[in-house]
Structures are given as C-alpha cells and as structure tokens.
Amino acid sequence: MTDLPTLARVFGRIGVLSFGGPAAQIALMHRTLVDERRWLSEAQFLRSLSFCMLLPGPEAMQLATYAGWRLRGIPGGLVAGGLFVLPGALVIAVLALLYAQYGAAPQAQALLLGVKACVLVIVAQALVRLSKKALRGWEDRVLALAAFVALYAADLPFPVIIALAGFWGAVRANPQQSEPPAATRPTPWPILLGWVGLWLAPLPVLYALNQTLLFDLALFFARLAVVTFGGAYAVLAYMAQEVVEARHWLDPQQMVDALGLAETTPGPLILVTQFVGMLTGHGAGGPLLALIAGALTLWMTFVPCFLWIFAGAPYVENLLARPRLQSALSAITAAVVGVIANLSLWFAMHLLFGTVYETALGPLPALSSLHLAPLPLIAVAAAVLLHSRGSVPLALALCAGLGWLANLV
C-alpha cells in the first residue's frame, strides 16, 4: 500500500507542475499515475476520468482526489486533492494582492495585455477541442446554438441552461435493461453529512455576525460549486454575468484580468473564483478582508469537490452504467460548447474594444473603439501554441514580455 508521505510528494509535484488547463493536467496525471508509478491501470484511469466528468467542479482536481481515495481512502483523497490546489492558490493570493495594489500601473497593464491576448487564444482552442468531441450530430449542434443564444441574447442563467440540457438528454436516452453493478465500500452517511455540514458551516456564522458581503460571497460560490458542469470555461460566463452585471463586485476589465492571471498559475482554472473573491474583499476592506474573502471562496469552491468524490467514488461502476445519466451528461456537454462560445465572444469584445453596449440582441461593441494593440499579440500567441504543442506557460510568458516591450517603445 502506498504510504501518505509518498502520496504527498507525488501529488505535490503534480500540483506545482500542473500548468496549461485540464487537458495538460490530466495528461500529467496519466503519465505519473499510470505510466511511471503504475498506481492505476489504463482502464481504471479512464473510468475515473469519466466519473469525474459526471460531477460538478474541476475534473482534474477531482481526478487527483479520486486517485488518492483509491490508494489510501479519505486521508489519501484529502492529501492528493489538497496538494493539487494549494500551489496555485498560494500564487493566486500573491497575484491578487499585487494586482489590487499595482494593477492600474502602465507597466502592469502592458504585461496584462499580453496575458489577456494569449488567454483569448487559449479559450478559442478549448472551444475548438470541445466542439470536435461534443458535437457529434445535428441535435448536439442545435443544443450548443440554443445555449449560446439563451446566454448571449436572452440572458438566461447558466444553471437553468444546464438543467434544461440535462433534462432533454435524460428524456432522449434509450435505457438499457441490464442492472448496473452494486457499489463497493460505500462511504458511511454520517461522514457524508459531516462533509455537508463542514462545507456550509460558514454561512450561519457569517449571517449571525452580520457580515453581509462575506455571506453573499459564500452563498454565491456555494451555489456556483453545484452547477460547475463542463469545466471552468463554461461557468466563467455565468460568473462574469453575476459578478459584473448583477452584483457589481468587479468591472468587466477586472474580470478579464482575473481570467488572464488565473491562466498563469498551476492548478485548476476555477481558482479564478479565489481571485474574484479577493478583489471583491480588497475593494470593500483592504488586504486583510481580501485574504479572508479569498480563503472563504476557496472553502466554498473546493470542499464540495471532496464531498462529491467521497460520496460517489464507491458507485463509479454503477453510475457509468446508467444510460440516462450518460445521455444527460452528453447533452450538457453539447450545451457547454455554446456557453464557452459566449464566454469567448464576451472576452474578445472586452479585450479588443473600449466600449461595449448592452442591446436587446445582447452586448455589441462600438466599432470605432477598436484597440489594435492586442491583434499582433493574439497572432503571436496562436503561432506559439500551434507550433509548441500547446505550451501555455511559454506562450503566456512570451506575450507578456512582448506587451511590456511594446509599452517601453
């Protein structure tokens, strides 16, 4: 049996090196856990990945947690999942404080321009990759288009879109007659209820202390954790809609910067929620409140990830054998393509144009406010990502450096 110190060392290394988004992180874990350590077989790894894609939350972090659970139970899951998130969370905390202090400086804006230009290409790449896998027929394409229109023009909330897509997929399924296999080693209910209580414990405390902003942050990110299907890119559109337009915690430029800086760190991209929480806290009460808000956001975002794994891991074979669930997930994935397309367009408009108007047809840019500076940086980022097998750190560093040099010139 693998001992916890070895488990900690291996997943600590994975956490530090996990740049490049879910695809790169999953590839790193496959190489480490299957090829090098042989802790999981190829079939076990693929089943684990399929299971994690059924769950809300960052699939790469949950895959690490599941692998740790298989090796050493709940303590192993806590160590593996925690170390996958911790390095990125520490980097985000530093970046958020620096951004709050110096983000408006011309040099910082020049660096951020390069980062954001690169991120636009990364999001577009994610959209293309997911489209090839998820849109397998005319019905999937219609779902993706409907999700895009519902978000962009009708301003329909993201959870409603996910629920409708899942319902449609479940209704359209062709159920099999065979019974799925039974669960093994089910997690005791008292432990699961304890995790639910632990996750939601901050809410009554903050309400009793009359901490309105922190309570609103905790409640929002708790709700976000339940509907984060399809990865971070999918939920970012909903988060931007709520944080910028409904709650006014950040302005559009800050939200774009948050996504850009989150791409520069190791760990799951959903750590952008920590950045948003810290900027909101800093704006309301300075660095101390920023750190408290960031820790609270991390808690509400990632504690449920452990809950989903510990509750569902014993039932992996059972869940994966259910055709209605598989069909619902397939429909949700198709809808997520439209959601990410909406995010890509929103991000591009706020990067390339100085003025974006809200119209009856959705947001539209003022063509006269076009910024030319990001265009060559976008071209450089696309060229580097295409010819370096998707080396995100290299592309981000190069574009940030070019932005900084352009500002000097």
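Modeller: At 1% relative accessibility, Phe-220 counts as buried (under 20% relative accessible area, with exposed over 50% and partly exposed in between, for a 1.4 Å probe and protein chains only). Trp-249, at 16% relative accessibility, counts as buried too. This is a predicted model, in which local features need pLDDT of at least 70 and side-chain atom pairs count only at pLDDT 80 or more, while totals for chains, interfaces and linings use all residues. Residues are numbered from 1 along each chain as its sequence is written, and side-chain values use heavy atoms, leaving out hydrogens and water.

A search of the whole structure finds 11 aromatic pairs (ring centres within 6.5 Å, taking the six-membered ring of Trp; planes under 30 degrees apart are stacked, over 60 edge-to-face, the rest tilted). One of them joins Phe-220 and Trp-249 edge-to-face, with 5.8 Å centre to centre and 80° between the planes. Phe-220 belongs to helix α10 (residues 212-226), whereas Trp-249 sits in the loop between α11 (232-246) and α12 (252-262), so the pair ties together parts that are 29 residues apart in sequence. Helices here are DSSP runs of H or I with at least four residues, numbered from the N terminus.

Elsewhere, Phe-51, Tyr-66 and Trp-69 form one aromatic cluster. Helix α15 (residues 323-352) has 23 of its 30 residues buried, so the rest of the structure largely encloses it. Tyr-233, leaving aside neighbours within four places in sequence, is in contact (heavy atoms within 4.5 Å) with several residues, among them Ile-122, Leu-269 and Ile-340.

Methods
Helix = DSSP H or I, 4+ residues; strand = E, 2+ residues; numbered from the N terminus.
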